[in-house]
Amino acid sequence: MGSPQAAVAVLVAITGVYMGLVVLGNVTDYETNRAFVQHVFAMDTTFQSPNTMYRAITSQTVVTIAYLLIIAWEAVTAVVLLAGLVAWVRGRTVVARRLSSVGWVMQILLFGGGFIVIGGEWFLMWQSKDWNGLAAAFQNFVVAAVGLIVLHSSTKD
(Lines give C-alpha, C1' and ligand atoms only; values in the text may rest on other atoms or scores of the structure.)
Protein backbone atom coordinates (compact mmCIF):
# COMPACT_ATOMS: atom_id res chain seq x y z
CA MET A 1 0.00 0.00 0.00
CA GLY A 2 2.82 2.43 0.75
CA SER A 3 4.99 1.60 -2.24
CA PRO A 4 6.04 4.19 -4.82
CA GLN A 5 3.85 2.37 -7.36
CA ALA A 6 0.84 2.71 -5.05
CA ALA A 7 1.51 6.42 -4.63
CA VAL A 8 1.70 6.89 -8.38
CA ALA A 9 -1.48 4.86 -8.87
CA VAL A 10 -3.30 7.12 -6.41
CA LEU A 11 -2.07 10.24 -8.21
CA VAL A 12 -3.12 8.76 -11.54
CA ALA A 13 -6.54 7.88 -10.13
CA ILE A 14 -7.08 11.38 -8.75
CA THR A 15 -6.02 13.15 -11.94
CA GLY A 16 -7.87 10.72 -14.20
CA VAL A 17 -11.13 11.12 -12.28
CA TYR A 18 -10.58 14.88 -12.11
CA MET A 19 -10.10 15.14 -15.87
CA GLY A 20 -13.23 13.03 -16.37
CA LEU A 21 -15.19 15.42 -14.16
CA VAL A 22 -13.79 18.38 -16.11
CA VAL A 23 -15.14 16.83 -19.31
CA LEU A 24 -18.49 16.15 -17.66
CA GLY A 25 -18.70 19.78 -16.53
CA ASN A 26 -17.76 21.11 -19.95
CA VAL A 27 -20.37 18.93 -21.64
CA THR A 28 -23.23 19.39 -19.15
CA ASP A 29 -22.59 23.14 -18.70
CA TYR A 30 -21.48 23.69 -22.27
CA GLU A 31 -22.60 27.31 -22.72
CA THR A 32 -21.07 28.62 -19.50
CA ASN A 33 -17.69 27.11 -20.23
CA ARG A 34 -17.86 28.04 -23.91
CA ALA A 35 -18.47 31.64 -22.83
CA PHE A 36 -15.20 31.48 -20.91
CA VAL A 37 -13.31 30.51 -24.07
CA GLN A 38 -15.21 33.15 -26.07
CA HIS A 39 -14.27 35.96 -23.67
CA VAL A 40 -10.63 34.88 -23.42
CA PHE A 41 -10.32 34.73 -27.22
CA ALA A 42 -12.14 38.06 -27.69
CA MET A 43 -9.93 39.73 -25.07
CA ASP A 44 -12.97 41.86 -24.25
CA THR A 45 -12.14 42.19 -20.55
CA THR A 46 -8.43 42.93 -20.92
CA PHE A 47 -6.82 46.37 -20.82
CA GLN A 48 -7.73 46.80 -24.53
CA SER A 49 -4.28 48.04 -25.57
CA PRO A 50 -4.19 48.79 -29.31
CA ASN A 51 -0.77 47.14 -29.34
CA THR A 52 -2.21 43.74 -28.41
CA MET A 53 -5.84 43.69 -29.54
CA TYR A 54 -4.84 42.35 -32.97
CA ARG A 55 -4.58 38.99 -31.18
CA ALA A 56 -8.31 38.88 -30.40
CA ILE A 57 -10.45 36.26 -32.11
CA THR A 58 -14.17 36.92 -32.28
CA SER A 59 -15.21 34.31 -34.83
CA GLN A 60 -17.84 32.11 -33.19
CA THR A 61 -16.81 29.25 -35.45
CA VAL A 62 -13.19 29.42 -34.28
CA VAL A 63 -14.30 29.65 -30.64
CA THR A 64 -16.57 26.61 -31.01
CA ILE A 65 -13.89 24.57 -32.77
CA ALA A 66 -11.29 25.50 -30.14
CA TYR A 67 -13.66 24.64 -27.31
CA LEU A 68 -14.59 21.28 -28.83
CA LEU A 69 -10.89 20.50 -29.30
CA ILE A 70 -10.24 21.37 -25.64
CA ILE A 71 -13.04 19.04 -24.51
CA ALA A 72 -11.77 16.26 -26.77
CA TRP A 73 -8.20 16.69 -25.45
CA GLU A 74 -9.49 16.59 -21.88
CA ALA A 75 -11.50 13.44 -22.62
CA VAL A 76 -8.56 11.63 -24.18
CA THR A 77 -6.38 12.71 -21.26
CA ALA A 78 -8.92 11.27 -18.80
CA VAL A 79 -9.09 7.98 -20.73
CA VAL A 80 -5.31 7.65 -20.90
CA LEU A 81 -4.89 8.36 -17.18
CA LEU A 82 -7.68 5.96 -16.19
CA ALA A 83 -6.21 3.28 -18.47
CA GLY A 84 -2.95 3.89 -16.63
CA LEU A 85 -4.75 3.33 -13.33
CA VAL A 86 -6.17 0.04 -14.60
CA ALA A 87 -2.67 -1.03 -15.66
CA TRP A 88 -1.30 -0.14 -12.18
CA VAL A 89 -4.07 -2.16 -10.51
CA ARG A 90 -3.35 -5.14 -12.78
CA GLY A 91 0.37 -4.96 -12.04
CA ARG A 92 1.33 -4.10 -15.62
CA THR A 93 4.02 -1.67 -14.53
CA VAL A 94 5.64 -0.91 -17.88
CA VAL A 95 2.30 -0.11 -19.54
CA ALA A 96 1.13 1.76 -16.44
CA ARG A 97 4.23 3.96 -16.42
CA ARG A 98 3.85 4.80 -20.10
CA LEU A 99 0.15 5.61 -19.88
CA SER A 100 0.61 7.66 -16.70
CA SER A 101 3.44 9.61 -18.27
CA VAL A 102 1.52 10.24 -21.50
CA GLY A 103 -1.60 11.32 -19.60
CA TRP A 104 0.28 13.77 -17.42
CA VAL A 105 2.20 15.18 -20.38
CA MET A 106 -1.15 15.71 -22.12
CA GLN A 107 -2.42 17.50 -19.01
CA ILE A 108 0.68 19.70 -18.92
CA LEU A 109 0.33 20.53 -22.62
CA LEU A 110 -3.29 21.57 -22.13
CA PHE A 111 -3.00 23.54 -18.91
CA GLY A 112 0.57 24.79 -19.31
CA GLY A 113 0.76 25.29 -23.05
CA GLY A 114 -2.88 25.96 -23.80
CA PHE A 115 -4.21 27.85 -20.82
CA ILE A 116 -1.12 29.45 -19.26
CA VAL A 117 0.91 30.24 -22.38
CA ILE A 118 -1.77 30.80 -25.03
CA GLY A 119 -4.70 31.92 -22.89
CA GLY A 120 -2.71 33.64 -20.18
CA GLU A 121 -0.07 35.40 -22.21
CA TRP A 122 -1.11 35.48 -25.87
CA PHE A 123 -4.74 36.37 -25.13
CA LEU A 124 -3.72 38.27 -21.96
CA MET A 125 -6.13 36.38 -19.71
CA TRP A 126 -4.07 37.60 -16.74
CA GLN A 127 -5.50 41.10 -17.33
CA SER A 128 -9.11 39.99 -16.88
CA LYS A 129 -10.87 40.14 -13.52
CA ASP A 130 -13.83 38.13 -14.81
CA TRP A 131 -12.36 35.57 -17.22
CA ASN A 132 -9.05 34.60 -15.66
CA GLY A 133 -8.40 30.88 -15.32
CA LEU A 134 -4.68 31.08 -14.62
CA ALA A 135 -4.88 29.89 -11.00
CA ALA A 136 -6.83 26.77 -11.98
CA ALA A 137 -4.53 26.16 -14.96
CA PHE A 138 -1.45 26.48 -12.76
CA GLN A 139 -2.96 24.09 -10.21
CA ASN A 140 -3.53 21.47 -12.92
CA PHE A 141 -0.08 22.04 -14.37
CA VAL A 142 1.54 21.50 -10.96
CA VAL A 143 -0.46 18.37 -10.14
CA ALA A 144 0.56 16.78 -13.45
CA ALA A 145 4.18 17.90 -13.03
CA VAL A 146 4.34 16.42 -9.53
CA GLY A 147 2.88 13.19 -10.88
CA LEU A 148 5.58 13.06 -13.58
CA ILE A 149 8.33 13.78 -11.07
CA VAL A 150 7.13 11.08 -8.68
CA LEU A 151 6.64 8.63 -11.54
CA HIS A 152 10.06 9.12 -13.08
CA SER A 153 12.02 9.40 -9.83
CA SER A 154 10.58 6.60 -7.74
CA THR A 155 9.31 3.77 -9.90
CA LYS A 156 11.18 1.22 -11.93
CA ASP A 157 10.10 -1.00 -14.82
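The following questions and answers concern a predicted model of a single protein.

User: Which pattern does the protein follow when its secondary structure is read along the sequence?

Analyst: In this predicted model, the secondary structure comes to five helices and zero strands. Read from one end of the sequence to the other, the elements therefore contain no strand, and the pattern is α-α-α-α-α.

User: What share of the contacts between residues at least 6 apart in sequence joins residues at least 24 apart?

Analyst: The C-alpha trace of the protein spans about 55 × 30 × 20 Å along its principal axes, and 39% of the 157 residues count as buried. Among the contacts between residues at least 6 apart in sequence, the share that joins residues at least 24 apart is 74%.

User: How far apart are the mean positions of the positive and negative charges of the protein?

Analyst: The accessible surface comes to about 8,400 Å², and 70% of that area belongs to carbon and sulfur atoms. As for the charges, there are 8 positive and 7 negative ones, and the distance between their mean positions is 16 Å.

User: Which helix gives the most to the lining of the largest pocket?

Analyst: The largest pocket has a volume of about 640 Å³ and is lined by 27 residues, with F36, V37, I70, E74 and F115 lying nearest its centre. Helices α1 (4-28), α2, α3, α4 and α5 each supply at least two residues of this lining. With seven residues, the helix that gives the most is α4.

User: Which residues line the largest cavity?

Analyst: The structure holds one cavity of 30 Å³ or more, and about 30 Å³ of space lies in the largest cavity. One of its lining residues is L124, which is placed in the loop between α4 (93-122) and α5 (134-154).

User: Is L124 buried or exposed?

Analyst: L124 has a positive phi of about 55° although it is not a glycine, and its place is in the loop between α4 and α5. Because its relative accessible area is 5%, against a limit of under 20% for the buried class, L124 is buried.

User: With which residues is Q107 in contact, leaving aside its neighbours within four places in sequence?

Analyst: Q107 lies in helix α4, and because its relative accessibility is 1%, Q107 counts as buried. Once the neighbours within four places in sequence are left aside, the residues in contact with Q107 are T15, M19, T77, L81, G112, N140 and A144.

User: Which residues are in contact with E121, leaving aside its neighbours within four places in sequence?

Analyst: E121 also belongs to helix α4, and its relative accessible area of 48% is why E121 is classed as partly exposed. The C-alpha atoms of E121 and N51, which are 70 residues apart along the chain, are separated by 14 Å. With the neighbours within four places in sequence left aside, the residues in contact with E121 are R55, I116 and W126.

User: Is V79 buried or exposed?

Analyst: V79 is found in helix α3 (residues 60-89), and its C-alpha atom is separated by 8.3 Å from that of G103, a residue 24 places away along the chain. Because the relative accessibility of V79 is 56% and the exposed class begins over 50%, V79 counts as exposed.

User: How far apart in space are Q139 and G112, C-alpha to C-alpha?

Analyst: Q139 is found in helix α5, and with a relative accessible area of 45% it is partly exposed. Q139 and G112 are 27 residues apart in sequence, and their distance in space, C-alpha to C-alpha, is 9.8 Å.

Conventions:
Residues numbered from 1 in each chain as written. Predicted model: local features only at pLDDT ≥ 70, side-chain atom pairs only at ≥ 80, totals over all residues. Heavy atoms only, no water. Helix = DSSP H or I, 4+ residues; strand = E, 2+ residues; numbered from the N terminus. Buried < 20%, exposed > 50% of the residue type's maximum accessible area, 1.4 Å probe, protein only. Contact = heavy atoms within 4.5 Å. Areas by Shrake-Rupley, 256 points an atom, 1.4 Å probe, with all protein chains shown as cover. Lys, Arg positive; Asp, Glu negative; His and termini not counted. Charge placed at Lys NZ, Arg CZ, Asp CG, Glu CD. 1 Å grid on protein atoms, 1.4 Å probe; cavity = no way out; pocket = protein on both sides within 12 Å on 5 of 7 lines; lining within 4 Å. Points joined across faces, edges and corners; volume = space filled by probe spheres on them.
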